[in-house]
Amino acid sequence: SPTCAPLWIGQTDGTVHNAPAVADGVVYAGAGDGKLYAFAAGGCDAETCPPLWTGNAGTYVDSSPAVAGGRVFVGSGEAEMKVFDAAGCGQPSCEPLWVGFMPGPQATIESSPMVANGVVYVGENNGRVAAFDVNGCGQYVCEPRWEFTTQVPVVNSSPVMVNATLYLTGTNFGSTPILYVFDLTIH
């Protein structure tokens with residue numbers, strides 16, 4: 001069978017363990033070096049392309065980014081969801097606009113955030129799922145506007161929403177996985 005060469009390769013300093021997100025001509029990917037990388041989706045007229053900018057996301061990034069409303073949301077190994085301006089900051093390295101932080105027991109956020117109706121949902125590896133206002137809270141560190149503790153120790157799946165119903169799964173290491181379903185209809 002024929003083998004195809006890539007059109008271009010994005011240069012990162014860490015291993016990428018997640019799916020990239022693409023929006024408005026930019027590819028976003030988190031890496032094991034704790035950075036969010038932003039590349040021009042069309043490449044750079046070379047075989048290997050440097051990033052347009054990187055975002056400081058902490059110790060490592062295993063979650064896939066979500067892009068909505070001009071923001072990039074990504075979970076981090078620092079038990080925080082980091083939020084960046086999708087256009088960067090005008091510098092090669094950018095700091096988050098704000099971080100989503102769940103008080104209480106801390107764990108890695110490997111769940112990929114999901115954005116719907118002005119809210120970003122994300123799971124944490126301590127059995128919790130949380131919802132944050134997509135625009136933050138007016139401070140650098142924002143607490144969730146809603147949180148639920150599941151009966152499983154790890155919530156690293158990506159939440160999914162259809163018709164105001166939120167679905168997510170958790171694992172309890174070998175036992176039957178559990179599906180959680182929330183009706184988020186606004187009354």
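Leaving aside neighbours within four places in sequence, which residues is Thr 165 in contact with?

1. **Contacts of Thr 165.** Thr 165 is in contact with Val 160, Val 181 and Phe 182, leaving aside its neighbours within four places in sequence. Contact means heavy atoms within 4.5 Å.

2. **Basis of the model.** This is a predicted model: local features need pLDDT of at least 70, side-chain atom pairs count only at pLDDT 80 or more, and totals for chains, interfaces and linings use all residues. Residues are numbered from 1 along each chain as its sequence is written, and side-chain values use heavy atoms, with hydrogens and water left out.

3. **Strands.** The protein chain has 19 strands and zero helices. Both are DSSP runs, numbered from the N terminus: helices are H or I with at least four residues, strands are E with at least two. Thr 165 sits in strand β18.

4. Strands β17 (residues 160-162) and β18 (residues 165-170) run antiparallel, joined by three bridges. Two strands pair if DSSP finds at least two bridges between them. Val 162 stands opposite Thr 165 of β18. Two residues lie between the strands of this hairpin, and Asn 163 takes a positive phi near 50°.

5. **The next pairing.** β18 also pairs with strand β19 (residues 178-183). The sense is antiparallel, with six bridges. Leu 166 has Phe 182 in β19 as its bridge partner.

6. Is Thr 165 buried or exposed? Thr 165 is buried, because its relative accessible area is 16%. Buried means under 20% relative accessible area, exposed over 50%, and partly exposed in between (1.4 Å probe, protein chains only). Across the protein chain, buried residues make up 47% of the 187 residues.

7. **Ala 66.** Ala 66 belongs to strand β7 (residues 66-68). Ala 66 counts as buried because its relative accessibility is 11%. Leaving aside neighbours within four places in sequence, its contacts are Arg 71, Val 72, Phe 73, Pro 113 and Val 115. Arg 145 is 79 residues from Ala 66 along the chain, and their C-alpha atoms are separated by 19 Å.

8. **Overall size.** Along the principal axes, the C-alpha atoms fill a box of roughly 50 × 45 × 30 Å.
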